[in-house]
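Please work through the exercises below with the sequence and the structure at hand. Each one sets a task and then gives a solution in steps.

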Amino acid sequence: MTQRMLFSILALILFPSLASAQAADDACVACHRDRTPGAVAQWQASGHAAAGIGCADCHGNDHERIEQGAAKVDADVCGACHEQALREHAASRHGIGLHSGWGCTRNQAQADPEACGFCHQEQSTLPVSTVHCARFLKQTDEMREVGCNRCHQVQNSCASCHTNHQTDLAIVRDPGVCASCHMGPDHPQWEMWQTSVHGTLYQSSGDAFAPTCQRCHMPSGTHNVSGGLTATPGGMLYPEAQRGQSRKQMVTVCAECHAPAFARAELARADAVRTQGRELLKEAEAIIHDLADRNLLEPMPEDRPPHPLAGNQLVTGPQMLYEDISHVERLFFKMKKFDYAKMVKGTFHQNPAYAHWYGNAELKMDLVDIRSEASRLRQRGAATVQTNAEDDPLAAAEGELLILKKKFERGALDEAAYSEQKGLILERVR
Amino acid sequence: MTQRMLFSILALILFPSLASAQAADDACVACHRDRTPGAVAQWQASGHAAAGIGCADCHGNDHERIEQGAAKVDADVCGACHEQALREHAASRHGIGLHSGWGCTRNQAQADPEACGFCHQEQSTLPVSTVHCARFLKQTDEMREVGCNRCHQVQNSCASCHTNHQTDLAIVRDPGVCASCHMGPDHPQWEMWQTSVHGTLYQSSGDAFAPTCQRCHMPSGTHNVSGGLTATPGGMLYPEAQRGQSRKQMVTVCAECHAPAFARAELARADAVRTQGRELLKEAEAIIHDLADRNLLEPMPEDRPPHPLAGNQLVTGPQMLYEDISHVERLFFKMKKFDYAKMVKGTFHQNPAYAHWYGNAELKMDLVDIRSEASRLRQRGAATVQTNAEDDPLAAAEGELLILKKKFERGALDEAAYSEQKGLILERVR
Amino acid sequence: MTQRMLFSILALILFPSLASAQAADDACVACHRDRTPGAVAQWQASGHAAAGIGCADCHGNDHERIEQGAAKVDADVCGACHEQALREHAASRHGIGLHSGWGCTRNQAQADPEACGFCHQEQSTLPVSTVHCARFLKQTDEMREVGCNRCHQVQNSCASCHTNHQTDLAIVRDPGVCASCHMGPDHPQWEMWQTSVHGTLYQSSGDAFAPTCQRCHMPSGTHNVSGGLTATPGGMLYPEAQRGQSRKQMVTVCAECHAPAFARAELARADAVRTQGRELLKEAEAIIHDLADRNLLEPMPEDRPPHPLAGNQLVTGPQMLYEDISHVERLFFKMKKFDYAKMVKGTFHQNPAYAHWYGNAELKMDLVDIRSEASRLRQRGAATVQTNAEDDPLAAAEGELLILKKKFERGALDEAAYSEQKGLILERVR
């Protein structure tokens, strides 16, 4: 309290213009005390109020624009005072590429160069649109707002974590504040931390003895939340140099409690688990592309509503959809976006149940289902093809060559393997 | 403590008969202090004990009936003193239509009039049975008790929230008290609140600055928990007038913190999401009924154990079962009872992960699976029909007319559309 | 604090050698204060430090071995001082048979004697290997470590619950400490307790008035956590005498708050639910074995990578895998390990949503899917067999006799039933 009062006095000395702002606030508060009593009470108890930062300082004076929702208090408004925080925020994943799915294609060290075309015209670094997430583009306006932007606005909205009118640091130091976005089937970081030894220790002993989201990912209070990370959200590794630097940073944090060698070994184990998970994904993805080569997906991409970014193409990469696809692709979507994420993040966050049961086991069970569905689709396909093969071996070979060509064209076979396998088919009908 | 003692003295002045009850309690306590020490300790620390309300006041004096479980302390026992609370409770969803599945058919503004027959004989408003939930009727006695009645007894049991012997209001002001029923795959209100901005703010800052279940749904401490709601649990809208009134009530609550215009817009967005969700359900439901028209469900309703209320009919409405059905119906059950609920309630409770990933995304993925299963079933059916069509076009047309008639009879086609489509088939074989 | 100091002085009197240990610790701390400040701070605030128990007392003096991870502080190190705790721990499930899957085969009253061969050579009680869990054996080294051993090390690691350097009993009295293992799809005891009336009461009122994991499963602070349990983790009942004793023990705990008759009835209800759940499992298991008899699983066991313990056999018992199996088996794995566990444990833990929705409902929905998949597989099989039956009734009967023989050989038919059904087939072709 004394500290706050001191701060207020200092603020008034440093920014004498605040005195007139105070007058404006009196006008706002007179009315809003009745209209939005909670918001007013929160501001009154805040450090902003104590320092003489009033309504108009953030919202401006144009009441009409405010009412139309046009006078948004975005990150730039906060950054005018909180310069360092904004700079750090802007350098993190929170600040780059999360606005409505940009994260899917930006910020990826080893991104497919073709993916650049989703956002940029050739030879240009300017984005051609502000939204580049295929899943976003498929939703209704309402679902986009509540189901996508509510989290992906973090780039522009400090209120995502700090809430609108309160300045109490207890709010943003509570790991719960991260939960409202970092939860759910696609990235349950909060759930896996909460039930890990780290989280349960925090629950019983407080953050003096237990790591929170903030302590590991925002060391020394930095707003750059991506410090110790070595891969993109999609699991693509950053370049070696950047990766080494990031790992070093994270080990420094772990070493507050653990022996550095132990920390390095644990993190290396999680790296290995990530690689193993990607191998399982690759196997499943190859099955789906093979089915597509054989025209066995149902429906085939050409018989579906076009993908918002790729048209009537099969998309199994970062821009994969979960709707208007075939059953086997939907199984792969779960593997890739839900199971793999749980296995990898569960390992990094030291949660056995997420690493194994929610992650590894589901990943492998989905692979069982994908193989089974593929087998069913192939058998149905074979029923036709086999008859052909008996009646007309030449036509059958022609079909096989076409499938092989597709495989080669999508980059799953190199020149030599293509030519060898082509040879084997031709030999058979010679 | 002083306050409690004052209350005791006041109680003794107002209800002199309590003095003799106290004597009876001494007899109970003498024995139960050893037999159920926890219950006795809870009562002793309660406002009831402080006010001289003893064992016999609620349980009666007939020890034999108590031991047989026949002297239940139900809502009427509590209501004898707590009149207003019981009146408000009785006027809410908690008080009407939740007893073992009544909620499914009662309290629905736009209920199918035929559904009335589940509970009432024609022209009568008296229920013919106390249990009208088909899913309840399929369970064992044990599962009915622990899996259904444990929550659906709320109509008659104040202990559902207040627990048996404690009167501490801290218990019922904690949002956790709602969790023991309002959780799980069919209505995870607690989970979605807990991880929303509202819930996480409550965790870090307490309920002075953050809304709890109670603050929004029991404003001013009312026991009518259904105040601001605009639709039945099944998602059917209440009549316009009632709906407008309810919405106004809820906006008043939101306005404690938010601008009313903002609150209205957020609630309207959730209304839109509900409508969008219902459209997805309708598409899936139509696929299933079409399969039934074509005799392609496996097993068909006539080959299953009869539905407890509808016999050998296909039931996809509120009384739908999750057992003894076909695979495609089971997918629809998940859509309808789990995914749709998460999408809609997740939006109203401002939880992006529930609205989008647990709700919208699952809903659309299940639709992918339903379309795929339907395609598989139709192909198998077509294998037979096509042969027929080539051999005997007249018989094939006859089959199609029969399917069309079923569709008309179940109300999915109006008179004009039926007649037009009939004409097209007949023309083909003329 | 005073108590701690008293303890320190007492300890120094009783163990004068501690004075020199203190000197050694000074050397450790001098360096580790910078290298692992958290660990040092935790130890310094611990009862161990207060009692003069230093680094070397647990870790030894061989720094090289420590750095290599060879000087593990396992249960024996702790047990040297904490004798009674270790004895109780060793007598519980925590102490026997949980090390990397031993739990699956050991400790089962009615275990299949053949299963003994997984661990023992004939006539020997010595284990032949330290690892006997088929699911463990299928994982990578990294997943074994983080996904299996992290929990199953509890036999040898007191730190599993107590953490490494803290001795604060608040940590191990918090139910959260159990969560880091007792959670997830296969045994969500923590989740179901947390949202049960018991858990929510603990949240609002503390453990004076609400039962925690510890209060029911570790009464009077015993380290034998298996006291009141009546069945193995796999749901097999213990022998009658042991079971009766255990139940009595648990009722004593319940009776701290509830009438014993009420507690007995609730526990008996859960017993009944367990039996009902096992019936559903049996139905599903029989379908799978029948499919195997008919060579209809895809892939059949002989076409899969061999099971680590049983080779190319169909395994649906405790050593069942979740990978390299058929789709219908994977559905059964979910039923058995996830749904059944939730239904039974949810009932014992008084959680309606786990008993009914996560348990009973999922169990029955999976049965719907298993029946549907079996029907699909049988139809495909029938397509071939029926043609045979028409062409060659003798060959068809031969096929049926073979299937019947397999069913008899795996014990699903007794001598009389086998002989009767054989007779019926033979009569048909006579």
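The model is predicted, so local features are given only at pLDDT of at least 70 and side-chain atom pairs only at pLDDT 80 or more, whereas totals for chains, interfaces and linings use all residues. Residues are numbered from 1 along each chain as its sequence is written, chains are lettered from A and ligands numbered from 1 in the order in which they are written, and side-chain values use heavy atoms, with hydrogens and water left out.

**Exercise 1. Find which rotation superposes chain A on chain C, and which residue of chain A comes closest to the axis.**

Step 1. Superpose the copies by least squares on the C-alpha atoms of residues with pLDDT of at least 70 in both.

Step 2. Look for the approach to the axis: among the residues of chain A, A:Arg376 comes closest, with its C-alpha at 6.0 Å.

Step 3. Compare the surfaces used, taking contact as heavy atoms within 4.5 Å. The copies use different surfaces, since 2% of the contact residues of chain A recur in chain C.

Step 4. Turn to chain C and chain B, where a rotation of 120° with 0.0 Å of shift along its axis again gives an RMSD of 0.0 Å. Of the residues of chain C, C:Arg376 comes closest to that axis, at 6.0 Å (C-alpha).

**Exercise 2. Describe the interface of chain C and chain B: how many residues are in contact, and what area is buried?**

Step 1. Count the residues: 45 of chain C are in contact with 48 of chain B.

Step 2. Work out the buried area, which is the accessible area (1.4 Å probe) that two parts lose on being put together, summed over both. For chain C and chain B this is about 3800 Å², and carbon and sulfur atoms give 61% of it. On the side of chain C, the residues that lose the most area to chain B are C:Phe209, C:Trp357 and C:Met365, together 17% of what that side buries.

Step 3. Assign the elements, where helices (H or I, at least four residues) and strands (E, at least two) are DSSP runs, numbered from the N terminus. Helices H15 (197-205), H18 (260-293), H19 (327-348) and H20 (352-391) of chain C each give two or more residues to the side that touches chain B, and the largest share, 20 residues, comes from H20(C).

**Exercise 3. Describe the interface of chain A and chain C: how many salt bridges are there?**

Step 1. The contact takes 45 residues from chain A and 49 residues from chain C, and the area buried between them is about 3800 Å².

Step 2. The count of salt bridges between chain A and chain C is four. One salt bridge is formed by C:Arg330 with A:Asp369, whose closest N and O atoms are 2.7 Å apart.

Step 3. On the side of chain A that touches chain C, H20(A) gives the most, with 20 residues.

**Exercise 4. Survey the aromatic pairs and salt bridges over all chains.**

Step 1. Rings of Phe, Tyr and Trp (its six-membered ring) pair if their centres lie within 6.5 Å, with planes under 30 degrees apart counted as stacked, over 60 as edge-to-face and the rest as tilted. The search of the whole structure finds 24 such pairs over all chains. Among them, B:Phe338 and C:Trp357 are edge-to-face, 5.8 Å centre to centre with 85° between the planes. This pair crosses between chains, from helix H19 of chain B to helix H20 of chain C.

Step 2. The salt bridges over all chains come to 75. Within chain A, the side chains of A:Arg247 and A:Asp271 meet in a salt bridge at 2.8 Å, N to O. The two residues are 24 apart and link distant parts of the chain, A:Arg247 lying in helix H17 (residues 240-254) and A:Asp271 in helix H18.
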